[in-house]
Amino acid sequence: MAPFKAKVKRPRVALLIESSHGYGRDLLVGIAQYLRVHGPWVVEFEEGNPCERLPNWFFNSKWDGAILRVKNQVVARMIHKFELPAVDLYGGLPGLKIPTIRSDENMVGRLAAEHLLERGFRQFAFCGYNGTDWSDMRKAGFEQCVAEAGFPCQLFQNPRHPFPSHTSDYEEHGAKYELQLSRWLHSLPKPVGVMTCNDARARQIVTLCREINLRVPDDVAVIGVDKDEIISELSDLPISSVILDTRRIGYEAAALLNRMMQSKTRVTGNF
């Protein structure tokens, strides 16, 4: 008779990651790649955006860990209350006591600037979503690299600061001020290299340039971030983009969470 082997308990892990954008989908792919080699886990996730509030299904199970993008203090407090091993993939909430893995946003901006400098541009501009930490850090890196090369950088400022909590809110807000954005594009010295905070903003600028008879890339060269395939395919013109190693972020987050669950490291304390 073969010796009895105890059934290994598979960890139950909640994935609270937005999947409506390419960035979030690639994070999930990276997590899946880790599980194929080092799993399996029992995972639960949902399409859309479970980052703004904890979904109902989260409260119906006992979890061993969570990988999430914490975007508000309500979710942060709940995660601390559950005292789960958890890894954050957003990193934009000050004071959050959860291990975080994210891109080097400042370097993302520098890479975009270096690309445009190598293409011979000497006039630069940045268009993002004012107030989002990742957009502001990309702007800082871009502006600093351009300044180090001896050139100024024009910045687009939204007429009003909405303080939304989600990227789609910023995108909706940005669409309300396309007239101001068109005037800003017209006012820029040409030719100009423009970095946008992401591909959605890049697509908006490319579309506006065509509407106001600015040539892309001859008058306005645009570089975004993420290399979102859907946005790129739906754009009138191909969009150059800084490609983030998003799948690696998801993979490393899963590896870190696995170590935390094995050592029973939990997120504790007040937030």
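Colleague: What do the axes of helix α3 and helix α4 do?

Modeller: The axes of α3 (residues 105–118) and α4 (residues 133–148) come within 7 Å and cross at roughly 40°. Axes are lines fitted to C-alpha atoms, for helices over the stretch in contact, and angles run from 0 to 180 degrees between N-to-C directions. Helices (H or I, at least four residues) and strands (E, at least two) are DSSP runs, numbered from the N terminus.

Colleague: Why is α3 called oblique to α4?

Modeller: Angles under 35 degrees count as roughly parallel, over 145 as roughly antiparallel, 65 to 115 as roughly perpendicular and the rest as oblique. The crossing is at roughly 40°, so α3 is oblique to α4. The crossing of α3 past α4 is right-handed (near helix turned clockwise from the far one by less than a right angle; left-handed if anticlockwise).

Colleague: Which residues meet there?

Modeller: Val 108, Ala 112 and Leu 116 are among those in α3, and Met 137, Phe 142 and Val 146 among those in α4. The residues of this contact divide into eleven nonpolar, four polar and five charged. Ala, Val, Leu, Ile, Met, Phe, Trp, Tyr, Cys and Pro count as nonpolar, Asp, Glu, Lys and Arg as charged, and the others, Gly among them, as polar.

Colleague: What is the basis for these values?

Modeller: This is a predicted model: local features need pLDDT of at least 70, side-chain atom pairs count only at pLDDT 80 or more, and totals for chains, interfaces and linings use all residues. Residues are numbered from 1 along each chain as its sequence is written, and side-chain values use heavy atoms, without hydrogens and water.

Colleague: What makes Met 261 buried?

Modeller: Buried means under 20% relative accessible area, exposed over 50%, partly exposed in between (1.4 Å probe, protein chains only). Met 261, at 13%, therefore counts as buried. Met 261 lies in helix α9 (residues 246–263). Beyond its neighbours within four places in sequence, its contacts (heavy atoms within 4.5 Å) include Val 13, Trp 41 and Pro 85.

Colleague: Why is Pro 40 called partly exposed?

Modeller: Its relative accessible area is 46%, so Pro 40 is partly exposed. Pro 40 lies in the loop between α1 (22–38) and β2 (42–44). Neighbours within four places aside, Pro 40 contacts Arg 10 and Pro 11.
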